[in-house]
Amino acid sequence: MAVRHRLIHAAPHQVWVVLADASRYSDWVVGTSDSRVARGRWPDLGSALEYTVALGPWTVSGTTVVRRVEVRRELELEVDSGPVGTARVAIDVRPWGEESLVTVDEHPLRGIAGALHNAAVDALIQLRHRGMLKRLAGVVEEHAEAGSHARA
């Protein structure tokens, strides 16, 4: 199980604005180059996004489905990466004073990723999460700052 956290300098509702915006998914999820709603109203339970990962001249598509949601608090996703398999990604957003403590917990469920899951894979997932949380913080903090300037 790969768990990582980051303090984001914005309130939990500001983090949620970004998580709940399907068009921003590829802005903070490492590796994705595009995302679009495939089903439902993101991030309602059962809604889904299709995403694209570009690897040089090749592209691979996948799907992310909301399996559990508690608005402004928790978002649990099942990410289906085709032949690689599926993974559970849980995002927890907690108030930390006037900021947010965001925790990401991921583990492979099915397919090759699930069969080969070990401590080395978790270490690689940790590196990906570091980048993902950094990107999420950047998007959220930029959005929060732009909102505070608009009110000033």
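Predicted model: local features only at pLDDT ≥ 70, side-chain atom pairs only at ≥ 80, totals over all residues.
Student: Which element gives the most residues to the largest nonpolar core?

Tutor: The largest nonpolar core holds 30 residues, and Ile8, Leu19, Trp28, Ile91, Val102 and Leu136 touch the most other members. At least two residues of this core come from each of α1 (12-19), α2 (25-28), β3 (48-55), β5 (74-80), β6 (86-96), β7 (99-110) and α4 (119-151). With seven residues, the element that gives the most to this core is α4.

Student: Is Trp28 buried or exposed, and what is its relative accessible area?

Tutor: Leaving aside residues up to four places away in sequence, Trp28 touches Val18, Leu19, Ile91, Met132, Arg135 and Leu136. Buried means a relative accessible area under 20%. Trp28 therefore counts as buried, and its relative accessible area is 3%.

Student: How are the rings of Tyr25 and Trp28 arranged as a pair?

Tutor: The structure holds three aromatic pairs. For Tyr25 and Trp28, the ring centres lie 5.6 Å apart and the planes stand at 70 degrees; because planes over 60 degrees apart count as edge-to-face, this pair is edge-to-face. Both residues belong to helix α2, where they are three residues apart, about one turn of the helix. The arrangement of the Tyr25 and Trp28 rings is thus edge-to-face.

Student: How many residues apart in sequence are the parts that the pair of Tyr25 and Trp42 ties together?

Tutor: Tyr25 is buried at 5% relative accessibility, and Trp42 is likewise buried, with a relative accessible area of 9%. Their ring centres are 6.3 Å apart and their planes are at 80 degrees, so this pair is edge-to-face. Because Tyr25 lies in helix α2 whereas Trp42 lies in the loop between β2 (32-39) and β3, the pair ties together parts whose separation in sequence is 17 residues.

Student: Which residues form one aromatic cluster?

Tutor: Tyr25 is paired with Trp28, and Tyr25 is also paired with Trp42. The aromatic cluster includes these residues together with Tyr51, and its members are Tyr25, Trp28, Trp42 and Tyr51.

Student: How do the residues that line the largest pocket divide into nonpolar, polar and charged?

Tutor: The largest pocket has a volume of about 740 Å³, and of the 31 residues that line this pocket, Val79, Ser81, Val84, Glu106 and Arg128 are the closest to its centre. The largest share of the lining, six residues, comes from α4. By residue class, the lining of the largest pocket divides into 21 nonpolar, eight polar and two charged.

Key. Residues numbered from 1 in each chain as written. Heavy atoms only, no water. Core = buried A, V, L, I, M, F, W, Y, C linked by side-chain atoms within 4.5 Å. Buried < 20%, exposed > 50% of the residue type's maximum accessible area, 1.4 Å probe, protein only. Helix = DSSP H or I, 4+ residues; strand = E, 2+ residues; numbered from the N terminus. Contact = heavy atoms within 4.5 Å. Phe/Tyr/Trp six-rings, centres within 6.5 Å; stacked < 30°, edge-to-face > 60°. 1 Å grid on protein atoms, 1.4 Å probe; cavity = no way out; pocket = protein on both sides within 12 Å on 5 of 7 lines; lining within 4 Å. Points joined across faces, edges and corners; volume = space filled by probe spheres on them. Nonpolar A, V, L, I, M, F, W, Y, C, P; charged D, E, K, R; others polar.
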